[in-house]
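User: Can you walk me through this one? I'm new to reading structures.

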Amino acid sequence: MSTRHGRLICRVSHFIMPPIVIILYMFQFTKIGPDPIAAFIICAGFTLSHIAWNIPWVANVALIPLLATNPDEAALLASRRATYTALAGIVFSYMGAPLAEYLGQVTNNEVLGYTLLAGLTALIMAICY
């Protein structure tokens, strides 16, 4: 792969995919239409959002050896990435359920509360990305 194509893939994975993930991720936590259609939309949202999510995720993992000048620096970059991923999981475990409940009460729709929470957390992910 040439450098030109490598740059294109980098731009796609870092600037185009995160907004796509936001929309697709929200479909996992919504109910549109009757139950069979809603189930299809949720499954499609799950599958497509994870495909779109894994492209930039793997691109970042692949960059670690290129950015590091020695094995110690590579270990530092990988461990820092893992630390912040774990920290995000801890923060969400404390704030996720109460915030979804609050958004559901504000909108008078429990499903919409989870949909908005999914969109909000995906937006935070895209901003911090």
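Analyst: Trp57, Asn60, Val61, Ile64 and Leu67 of helix 2 meet Glu73, Ala74, Leu77, Ala78, Arg81 and Thr85 of helix 3. Contact means heavy atoms within 4.5 Å, and helices are DSSP runs (H or I, at least four residues) numbered from the N terminus.

User: What's that contact made of, by class?

Analyst: The contact of helix 2 with helix 3 has seven nonpolar, two polar and two charged residues. Ala, Val, Leu, Ile, Met, Phe, Trp, Tyr, Cys and Pro count as nonpolar, Asp, Glu, Lys and Arg as charged, and the others, Gly among them, as polar.

User: Is this a real or a predicted model?

Analyst: This is a predicted model: local features need pLDDT of at least 70, side-chain atom pairs count only at pLDDT 80 or more, and totals for chains, interfaces and linings use all residues. Residues are numbered from 1 along each chain as its sequence is written, and side-chain values use heavy atoms, with hydrogens and water left out.

User: Back to helix 2 and helix 3: at what angle do they cross?

Analyst: Roughly 150 degrees, and their axes come within 8 Å. Axes are lines fitted to C-alpha atoms, for helices over the stretch in contact, and angles run from 0 to 180 degrees between N-to-C directions. Helix 2 and helix 3 are therefore roughly antiparallel to each other (angles over 145 degrees count as that).

User: And helix 3 with helix 4, what's the angle there?

Analyst: About 130 degrees, with the axes 7 Å apart.

User: Which residues of helix 3 and helix 4 meet?

Analyst: Among them are Phe92, Met95 and Leu99 in helix 3, and Leu112, Leu116 and Leu120 in helix 4. By class, that contact has 10 nonpolar, five polar and one charged residues.

User: New topic. Which helix gives the most to the lining of the largest pocket?

Analyst: Helix 3, with 11 residues.

Terms used: Helix = DSSP H or I, 4+ residues; strand = E, 2+ residues; numbered from the N terminus. Parallel < 35°, antiparallel > 145°, perpendicular 65-115°, else oblique.
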